[in-house]
Amino acid sequence: MKKVTITDVAEHAGVSVTTVSMVLGNKGRISADTIEKVNNAVAAIGYVRNRAAANLRSNSSEIIGLILKDISDPYYAQVAAGLCEETEKQGYMVFLTQSGDETKFEQCVLTMARQGVGGIAFCPANENQHVDVDALKAHNLPLVCISRASVNQQIDYVGPDNASAAKMATEHLINQGHRRIAYVGGKISSLCRAERVGGYCSTLMQFGLPFKPEWVVECDAGQAPAANAVEQLLINHPQVSAVLCHYSSTAVGAVQGIHRLGRSVGTDNLFNKQISIVGFDAVQEAELSEPPITFVNSDAKEIGRQAAKRLIEQFETSDTVARKVIVAPTLVNAMTE
């Protein structure tokens, strides 16, 4: 079959090729009747627009690049879902890739630039990644950094309010009657952890409660390291009655560590038999915990949506002033997620 062209659409609609191009590109002042004629002609003869060619001609793109460190990470999967929802709603599509480490991150950026994306939203390969701002800006593309901690002031940033989340979690435990609250998880090099520990510490001080460095414990992500860390914490400091957990997996693993010592998870701290747990960013694995674990959530899908809005705003309005968008936390129960 002969390929249907824009000239065929123009002939069928009884208008010029330029008019068809303007209607399809949503440009210029075209009457409603003419727009209807063109759209009817497109539908009638089955014209499929070559968007890639149109983008090259107009020096624009309807594709947004998204670089994630790890596509399988539940948190960033939600970020991607929110970004895709918003971009598709506004008529754009997402080109998704996975960086893994800093070296591959640079290659991902270069590949996306060569593919002609309209802008790039990216998650750093790690919280301490050195982002070469000049190299990124050399591609002359709108950029938005999505991260769990602010990494650069020269690029648009969308992320959670870690300090407020930790304050909310700590205050929740204090309101339950806890006075000996520990923090478990993450590494000392983590900016996200530093912000959360800062919020935790300032809230303890606000309520006149002790901050003990030995109650702030590092451990790797994952349930097994968390179980071991919490078990050892409670052996060394049995007076601790509540634990803030840096990762969602830390919260799930903490339950096992508590059970190993013949203690249980709960809110009754009168006889120091039950330990309360609050985690950050709930995942499905926590839904089966009994009793349900309380989480402070920074809505990852909303972070993705806000990143998409900001990116589209940049290249539709040529807004080059770097902005920071912070998504506020909420206190939730895993069973209500």
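Start by selecting strand β8, residues 242-245. Keep in mind that this is a predicted model. Ala 242 and Leu 244 point to one side of β8, Val 243 and Cys 245 point to the other, and all of them are buried.

Now bring in the neighbours. Select strand β10, residues 274-280: β10 runs parallel to β8, and 4 bridges join the two. Click on Cys 245 and look across to β10, where its bridge partner is Gly 279.

Next, select strand β6, residues 181-184, which also pairs with β8 in the parallel sense, over 4 bridges. Here Ala 182 sits opposite Val 243 of β8. What covers the two faces of β6, buried or exposed residues? Ile 181 and Tyr 183 on one side are buried, and so are Ala 182 and Val 184 on the other.

From β6, move on to strand β7, residues 216-217, which pairs with β6 in the parallel sense over 2 bridges. Tyr 183 has Val 216 as its bridge partner in β7.

Last stop: the cysteines. How many disulfides does the structure hold? The count is 0. Cys 219 is buried, with a relative accessible area of 7%. Then jump to Cys 192, which is buried too, at a relative accessible area of 2%.

Definitions and conventions. Residues are numbered from 1 along each chain as its sequence is written. This is a predicted model: local features need pLDDT of at least 70, side-chain atom pairs count only at pLDDT 80 or more; totals for chains, interfaces and linings use all residues. Side-chain values use heavy atoms; hydrogens and water are left out. Buried means under 20% relative accessible area, exposed over 50%, partly exposed in between (1.4 Å probe, protein chains only). Two strands pair if DSSP finds at least two bridges between them. A disulfide is a pair of cysteine sulfur atoms within 2.5 Å.
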